[in-house]
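Here is a short briefing on one protein chain. Please keep the structure open while reading.

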Amino acid sequence: MSAITTAPLFSPKPNLLPSRWFPHFLPQFSLSTTPAVLSKPIIRINHPNKCNPFLVRVDDGDGDSGGPDDYDMDEEEAEEVDNKKDFEVEYDPLKSGSGDDDIAMGAQSKSFVSIQGWDSDMVVDYRINEDEFHKISLLDCDFFIRKPPDPDNDVYDFREMYVTPPDTDIYSIPRVLAPMPQKYIRCAMSDYGCYNVTEPPIDAPRDPMYKSDREITKVFLTKHYRNRRLGDPEFVLDFEEIYVIDSKTKSITRAKVIVTAPGGRDRDRKNDLLVIRDKGTSFKIIHASEKNDPTTVIEREEWVKTREDMERHLRKLRDFSVSNWF
């Protein structure tokens, strides 16, 4: 650990303050280097109190030399550490190394309300300005996520979210089943659902023959890799970080993704292929070279379903449960 050199303005008494107090007088630096939002880095320096009788000078290595015995983490630092541990991605094989380009968080809206720590399904006693939120319409509910000002309209702030019955203004806190990011992130939205095709009743012959309704049961918010803009030449989606909004349970969670693509975190993500199965509950990243032909996938799935249907039918005609398939 590098030593901290002090030069008193006045002659203090020896051992006036313990040495472990000195880091509290260090100037704090906040640096943002996001090229997509700001053209130049912004450095804010919080100077120590002018009445402080000590000037503290540090070497270049002192900023990272503090140990757990020197000072305690404040609440914000502890929260940041917790956020880094919020979710793990399974790798095969496991690799290390990652990095993000954070989006500079500007002044918050005057109507911003942090819902962290609130009880889920609790109805709030106020209305929100829906223009300041991403409105995500699902089959059973409407989901609202705070929308920071951005020309691309793809930045999400998960610290404030609401859910309502379809097309109503009764806002409640959604169920959050996994830790959410505490900073702005760019996401691409896709949905999972089906088409409900109905025929008109017999007593209404003038109605259209068929009516198709799109029923969205889940929405996937996939993070932009390193928060790059859509028009960036190096733009690619980060399939390791997907947030799933469920219409039936009115909840949001983070998908558990299994990575089998070679290279781990340091791989070329442009060759990633995301496979979603089991009605939007299973997520797997494979290499693009492992992609199967759509006809092959359909035939394989149809074969499994056809065999199950045949087994169910033959069960009624014989005493044993499994037929002798060749």
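Is Asp238 buried or exposed? Asp238 is buried, because its relative accessible area is 8%. Buried means under 20% relative accessible area, exposed over 50%, and partly exposed in between, with a 1.4 Å probe and protein chains only.

This is a predicted model: local features need pLDDT of at least 70, side-chain atom pairs count only at pLDDT 80 or more, and totals for chains, interfaces and linings use all residues. Residues are numbered from 1 along each chain as its sequence is written, and side-chain values use heavy atoms, with hydrogens and water left out.

**Overall make-up**

- The protein chain holds two helices and 16 strands. Helices (H or I, at least four residues) and strands (E, at least two) are DSSP runs, numbered from the N terminus.
- Of its 326 residues, 28% count as buried.
- The chain exposes about 22200 Å², and carbon and sulfur atoms supply 52% of that area. Accessible areas come from the Shrake-Rupley method with a 1.4 Å probe; for residues, only the protein chains shown count as cover.
- Take contacts between residues at least 6 apart in sequence: 61% of them join residues at least 24 apart. Contact means heavy atoms within 4.5 Å.

**The eight-stranded sheet**

- Eight strands form an open sheet with mixed pairing, in the order β6-β7-β8-β10-β11-β12-β13-β9. The edge strands, β6 and β9, each pair on one side only. Two strands pair if DSSP finds at least two bridges between them.
- Strands β6 (residues 133-137) and β7 (residues 142-146) run antiparallel and are joined by five bridges. A hairpin of four residues links β6 to β7. Lys135 has Phe144 of β7 as its bridge partner.
- β12 pairs with β13 (residues 251-254) in the antiparallel sense, over four bridges. Tyr243 has Arg254 of β13 as its bridge partner.

**Asp238 and its surroundings**

- Asp238 sits in strand β12 (residues 237-246).
- Beyond its neighbours within four places in sequence, Asp238 is in contact with Thr222, Lys223, His224, Tyr225 and Arg269.

**Positive phi in loops**

- Asp167 is not a glycine, yet its phi is positive, at about 60°. Asp167 lies in the loop between β8 (155-164) and β9 (175-176). With a relative accessible area of 66%, Asp167 is exposed.
- Arg226 is not a glycine either, and has a positive phi of about 55°. Arg226 lies in the loop between β11 (211-224) and β12. At 24% relative accessibility, Arg226 counts as partly exposed.

**Cysteines**

- A search of the whole structure finds zero disulfides. A disulfide is a pair of cysteine sulfur atoms within 2.5 Å.
- Cys141 is buried, at 0% relative accessibility. Cys187 is buried too, at 4%.

**The second largest pocket**

- About 300 Å³ of space lies in the second largest pocket. On a 1 Å grid over the protein atoms alone, a pocket is an open set of points where a 1.4 Å probe fits, with protein on both sides within 12 Å along at least five of seven lines; lining residues have an atom within 4 Å of a point. Grid points are joined across faces, edges and corners, and the volume is the space filled by probe spheres set on the points.
- The lining has 13 residues, and Val275, Ile286, Asn292, Val297 and Arg300 lie nearest the pocket centre.
- β15 (272-277), β16 (282-287) and α2 (294-314) each supply at least two lining residues. The largest share, five residues, comes from β15.
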